[in-house]
Amino acid sequence: MDNKKEKIIHAAIDVFQEKGIEKTKVSDIVKGAGIAQGTFYLYFSSKLSVMPAIAEVMVEKMMEEMKERVNETHPFDKQLEQVVDVVFDITKSYRSIFAMVYAGLASSEYLQQWEKIYQPYYEWMGAFFKQAKAKKFLREDLSIEPSVKLVIGLIESAAEQVYLYDQLSKEEAVKKKREVLEFMKHALYKKL
């Protein structure tokens with residue numbers, strides 16, 4: 001990623017978190033990035049047009065953590081638990097950024113870019129599921145692509161419920177993770 005574009009994205013994250021989306025001006029972002037206002041418009045057409053780029057940064061962060069923390073030598077059920085842990089941990093650590101991105105994308109014409117932004121995540125999870133299906137952990141009739149999107153949505157929704165909406169305790173977060181894993185086990189796993 002271009003260094004100036006990266007500066008803009010990180011400055012936007014900081015300013016949006018500090019002032020909120022509504023009160024933030026492009027001039028606030030460029031001041032934080034240490035660039036000229038005209039430079040901002042070389043990369044983005046408005047303050048809201050930065051939202052997809054922020055979402056991309058968060059997906060990249062999620063993918064880095066998945067690759068680092070999901071141990072391919074562990075059994076599938078343990079790997080799936082690691083996936084859930086990563087999503088919950090990232091959502092907890094970056095809850096204000098996620099809330100901001102959802103609000104910013106929902107209030108703009110950029111929401112349709114979500115599928116494109118998530119494509120690397122879908123591909124990674126698809127490969128993860130294909131491996132598990134080849135090893136006979138998953139149901140034979142399981143359709144990978146729709147299942148991947150459902151599972152990602154389920155895990156993220158549960159993590160958001162814990163950290164963005166309800167702000168549950170650590171014990172309740174652990175319970176929610178167990179519920180998600182149990183639900184996925186019944187939905188995905190091959191019946192013994």
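K136 is placed in the loop between α7 (114–134) and α8 (144–165), where helices (H or I, at least four residues) and strands (E, at least two) are DSSP runs numbered from the N terminus. K136 is not a glycine, yet its phi is positive, at about 70°. Most residues other than glycine have a negative phi.

The structure is a predicted model, in which local features need pLDDT of at least 70 and side-chain atom pairs count only at pLDDT 80 or more, whereas totals for chains, interfaces and linings use all residues. Residues are numbered from 1 along each chain as its sequence is written, and side-chain values use heavy atoms, with hydrogens and water left out. The predictor's confidence in each residue is expressed as pLDDT, on a scale from 0 to 100. The chain averages a pLDDT of 90, and 95% of the residues score at least 70. Confidence is highest in helix α2 (residues 26–33), with a mean of 95, and lowest in helix α6 (residues 95–106), with a mean of 77. Where pLDDT is low, the predicted coordinates should not be read in detail.

The chain contains nine helices and zero strands. Read from the N terminus, the order of elements is therefore α-α-α-α-α-α-α-α-α. The C-alpha trace spans about 60 × 35 × 30 Å along its principal axes. Of the 192 residues in the chain, 46% are buried; buried means under 20% relative accessible area, exposed means over 50%, and partly exposed lies in between (1.4 Å probe, protein chains only). Contacts are defined by heavy atoms within 4.5 Å. Among contacts in the chain with a separation of 6 or more, 69% involve residues 24 or more positions apart.

The accessible surface amounts to about 10,700 Å², and carbon and sulfur atoms account for 51% of this area. Accessible areas come from the Shrake-Rupley method with a 1.4 Å probe, and for residues only the protein chains shown count as cover. With regard to charge, the chain carries 29 positive and 29 negative side chains, and the centres of the two sets lie 1 Å apart. Here Lys and Arg count as positive and Asp and Glu as negative, while His and the chain ends are not counted. The place of a charge is taken as NZ of Lys, CZ of Arg, CG of Asp or CD of Glu.

Salt bridges were assigned where a side-chain nitrogen of Lys or Arg lies within 4 Å of a carboxyl oxygen of Asp or Glu. By this rule, eight salt bridges are counted. One of them joins D28 and K19, with the closest N and O atoms 3.3 Å apart. In this pair D28 is buried, at 17% relative accessible area, whereas K19 is partly exposed, at 37%.

A further salt bridge is formed between D89 and R69, whose closest N and O atoms are 2.6 Å apart. Because D89 lies in helix α5 (residues 76–93) and R69 in helix α4 (residues 51–69), the pair ties together parts that are 20 residues apart in sequence. Both residues are partly exposed, D89 with a relative accessible area of 29% and R69 with one of 30%. K61, E65, R69 and D89 are linked in a network of salt bridges.

Other relations of D89 were also examined. When neighbours within four places in sequence are left aside, D89 is in contact with R69 and K177. The C-alpha atoms of D89 and Y163 are separated by 9.6 Å, although these residues are 74 residues apart along the chain.

Not counting residues up to four places away in sequence, V86 touches M62, E65, M66 and R69. The C-alpha atoms of V86 and K191, which are 105 residues apart along the chain, are separated by 27 Å.
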